Amino acid sequence: LESEIYALTDSARSMRDGLRNETLLLILFQCALRVSECLDLKLRDKQFKEGSHFLVIENGKGGKPRLCGVPESLYLRIGNYCSEAGITQPEDKLFNISRVGVWQIIQLCAKKTGLDYKRIYCHLFRHSGAIARLRRSGNIGTLRVHLGHSDTKMSLRYLSTVQQIEAVAVESRVQFDR
């Protein structure tokens with residue numbers, strides 16, 4: 001659930017390296033990136049052109065490059081983080097951390113928020129972000145491009161999930177007299 005993802009990102013803020021951790025988790029969720037894509041980001045990959053904020057993903061899955069839309073508020077947050085962290089050179093990596101380090105941050109956040117009884121993993125942020133984006137845009141074609149899927153069938157999994165969640169929500173509101 002989106003509220004749980006935000007609870008995790010909020011808890012990251014109170015940790016050591018909180019601004020880094022929170023920014024990292026927000027990028028994973030709001031941009032629906034893979035951990036490897038996020039850890040490869042450099043300052044030069046954060047761009048603004050023709051009224052759009054985006055990240056350049058140079059080496060996506062299968063080595064495919066792509067552009068990834070970024071909400072304006074997150075784009076500004078990334079800029080603030082870079083300023084505070086002293087990330088100033090175009091080739092500077094945004095996050096100097098390992099995949100295991102990301103996993104550890106997520107597990108600590110899960111424990112702090114009381115969500116450690118659930119299976120919380122790095123790729124969950126990508127899945128949750130994709131579902132949230134699909135709910136907001138309703139456009140499976142643009143989601144496919146955003147996620148870097150070569151086949152729409154991969155993206156359609158998210159549409160199926162959204163439909164199931166919405167069906168359960170509708171059915172949970174059915175009332176019986178007895």
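**A walk through a predicted model**

Lys-42 sits in the loop that joins helix H3 (35-39) to strand S1 (46-49). Helices (H or I, at least four residues) and strands (E, at least two) are DSSP runs, numbered from the N terminus. The structure is a predicted model, in which local features need pLDDT of at least 70 and side-chain atom pairs count only at pLDDT 80 or more, while totals for chains, interfaces and linings use all residues. Residues are numbered from 1 along each chain as its sequence is written, and side-chain values use heavy atoms, with hydrogens and water left out.

What does Lys-42 touch, apart from residues up to four places away in sequence? Its contacts (heavy atoms within 4.5 Å) are Pro-90, Glu-91, Asp-92, Lys-93 and Leu-94. Lys-42 is buried and yet has no salt bridge. Buried means under 20% relative accessible area, exposed over 50%, and partly exposed in between, with a 1.4 Å probe and protein chains only. A salt bridge is a side-chain nitrogen of Lys or Arg within 4 Å of a carboxyl oxygen of Asp or Glu. For charge, Lys and Arg count as positive and Asp and Glu as negative; His and the chain ends are not counted. The nearest side chain of opposite charge to Lys-42 is that of Glu-91, 4.9 Å away.

Two strands pair if DSSP finds at least two bridges between them. S1 and S2 are joined in the antiparallel sense by four bridges, and Lys-49 stands opposite Ser-52 in S2. Strand S2 (residues 52-57) also pairs with S3 in the antiparallel sense, again over four bridges. Here Phe-54 has Gly-69 in S3 as its bridge partner.

Which residues of strand S3 (residues 66-69) lie on its covered face, and which on the uncovered one? Arg-66 and Cys-68 form the covered face, whereas Leu-67 and Gly-69 form the uncovered one.

The next topic is a pair of helices. Two packed helices are described by the angle between their axes and the distance between the axes. Helix H2 (residues 18-30) packs with helix H6 (residues 122-137) at an angle of about 55°, and their axes are 6 Å apart. H2 and H6 are therefore oblique to each other. Angles under 35 degrees count as roughly parallel, over 145 as roughly antiparallel, 65 to 115 as roughly perpendicular and the rest as oblique. On the H2 side, Leu-25, Leu-28, Phe-29 and Gln-30 meet residues of H6 including Phe-125, Ser-128, Gly-129 and Ala-132.

Asn-21 is also in helix H2. Is Asn-21 buried or exposed? With a relative accessibility of 1%, Asn-21 counts as buried. Leaving out residues up to four places away in sequence, Asn-21 touches Ala-12, Met-15, Arg-16 and Ile-105. Between Asn-21 and Leu-134 there are 113 residues of separation in sequence and 25 Å in space, C-alpha to C-alpha.

How many salt bridges does a search of the whole structure find? The search finds 13. One of them joins Glu-4 and Lys-118, with the closest N and O atoms 2.7 Å apart. Glu-4 lies in helix H1 (residues 2-13) and Lys-118 in the loop between helix H5 (99-113) and H6, so this pair ties together parts that are 114 residues apart in sequence. Glu-4 counts as buried, at 18% relative accessibility, whereas Lys-118 is partly exposed, with a relative accessible area of 32%.

A further salt bridge links Arg-44 with Glu-58, whose closest N and O atoms are 2.0 Å apart. Because Arg-44 lies in the loop between H3 and S1 and Glu-58 in the loop between S2 and S3, the pair ties together parts that are 14 residues apart in sequence. Arg-44 is partly exposed, at 29%, and Glu-58 counts as partly exposed at 40%. Lastly, a network of salt bridges links Asp-10, Arg-13, Glu-22 and Arg-77.

Notes:
Axes fitted to C-alpha atoms, helices over the stretch in contact; angles between N-to-C directions.
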